[in-house]
Amino acid sequence: MNALKNYLLVLCLFVGFQVFAQTPNLDVPYVPTKQPVVDAMLDLAGVKAGDVHYDLGCGDGRIAISAAKRGATSTGVDIDPQRIREANENAKEAGVTDKVTFVQGNLFDFDFSKADVLTLYLLPEVNLKLRSKILKELKPGTRVVSHAFDMGDWEAEKTITVDGSTIFLWTVPNR
C-alpha cells in the first residue's frame, strides 16, 4: 500500500510540475473588464465599422468581441493559452469569428502597427514599457484606450469614470 501511495505522490508531483512548466510567465493577472466599462472604452475610442482594433492582454476576448460586434476587424493578443481558448469559444458563441482573431503571443513582440484603435487593461509598468512601442510603431491618429492605468507623463486627452473604473484616451501624435 505504501508503494502505491509513493507512486501516486510521485505521479502527482510530476504532473503538477509539467503543468507548471507549461504555464507562461504572465506580466499581468487576468481580471475581466465589466461590460459597461468595455462599452465605454469602445465609445471613448469611437470604434466603428471598418476600424482595425487590437486588444493587448485580451483575456477572455470580451473587448475584441464587442469591437467586432460594432463592425471593427479585431485582434486580441494574450500570452496565456487558456485565455485564448476561452476567447475563441466566446467568439463562436457571439457569432463573430469572421471579424475577430485571437493570437497567443507576447504583446511586446507583436506587430499591432496597423491598428486604428488599441485597447489595454494591463498594469502601470506594462503600459509604460509599451508606450515607446506605441508611439514609435502606431500611425498618427491611432486611438489608444486604457482601463485603469495611465501612460506616465504622456497625458491623456480625456479621462472618464464608468462603474467605478477610470478609462484614459490618447491619440498617437504626428512624429
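Which residue forms a salt bridge with D153? The partner is R131, and the closest N and O atoms of the two are 2.6 Å apart; a salt bridge here is a side-chain nitrogen of Lys or Arg within 4 Å of a carboxyl oxygen of Asp or Glu. The structure is a predicted model, in which local features need pLDDT of at least 70 and side-chain atom pairs count only at pLDDT 80 or more, while totals for chains, interfaces and linings use all residues. Residues are numbered from 1 along each chain as its sequence is written, and side-chain values use heavy atoms, with hydrogens and water left out.

**Confidence**

- The mean pLDDT of the chain is 89, and 86% of its residues reach 70 or more, where pLDDT is the predictor's confidence in each residue, from 0 to 100.
- Where pLDDT is low, the predicted coordinates should not be read in detail.

**Overall build**

- The secondary structure comes to five helices and seven strands, taken as DSSP runs numbered from the N terminus (helices are H or I, at least four residues; strands are E, at least two).
- Read along the sequence, these elements follow the pattern α-α-β-α-β-α-β-β-α-β-β-β.
- Of the 175 residues of the chain, 42% count as buried; buried means under 20% relative accessible area, exposed over 50%, and partly exposed in between (1.4 Å probe, protein chains only).
- Among the contacts in the chain with a separation of 6 or more, 63% are accounted for by residues 24 or more positions apart.
- The accessible surface of the chain comes to about 9,400 Å², of which 56% belongs to carbon and sulfur atoms; such areas come from the Shrake-Rupley method with a 1.4 Å probe, and for residues only the protein chains shown count as cover.

- Helix α3 (residues 62–69) is mostly covered, since six of its eight residues are buried, namely I63, A64, I65, S66, A67 and A68.
- The cover over the buried residues of α3 includes the helices α2 (35–45) and α4 (81–94), together with the strands β1, β2 (73–78), β3 (100–104) and β4 (117–120).
- Just after α3, G71 takes a positive phi of about 100°.
- H53 has its place in strand β1 (residues 52–56) and counts as buried because its relative accessibility is 0%.
- Not counting residues up to four places away in sequence, H53 touches several residues, including I63, A64 and A67.
- The side chain of H53 also makes a polar contact with the side chain of S74 at 2.6 Å; a polar contact is a pair of N or O atoms within 3.5 Å, and within protein one must be able to donate a hydrogen and the other to accept it, with residues adjacent in sequence counting only if both atoms are side-chain atoms.

**Salt bridges**

- A search of the whole structure finds nine salt bridges.
- R143 forms one of them with D51, the closest N and O atoms being 2.8 Å apart, and this pair links distant parts of the chain, R143 in strand β5 and D51 in the loop between α2 and β1, 92 residues apart.
- R143 counts as buried because its relative accessibility is 17%, and D51 counts as buried at 4%.
- K48, D51 and R143 are linked in a network of salt bridges.
- The side chains of E137 and K133 meet in a salt bridge of 2.9 Å, N to O, and both residues lie in helix α5, four residues apart, about one turn of the helix.
- E137 is partly exposed, with a relative accessible area of 30%, whereas K133 counts as buried at 13%.

**Aromatic residues**

- A search of the whole structure finds three aromatic pairs, in which rings of Phe, Tyr and Trp (its six-membered ring) have their centres within 6.5 Å; planes under 30 degrees apart count as stacked, over 60 as edge-to-face and the rest as tilted.
- The rings of F168 and W170 have their centres 5.8 Å apart and their planes at 20°, so this pair is stacked.
- W154, F168 and W170 form one aromatic cluster.

Key:
Contact = heavy atoms within 4.5 Å.
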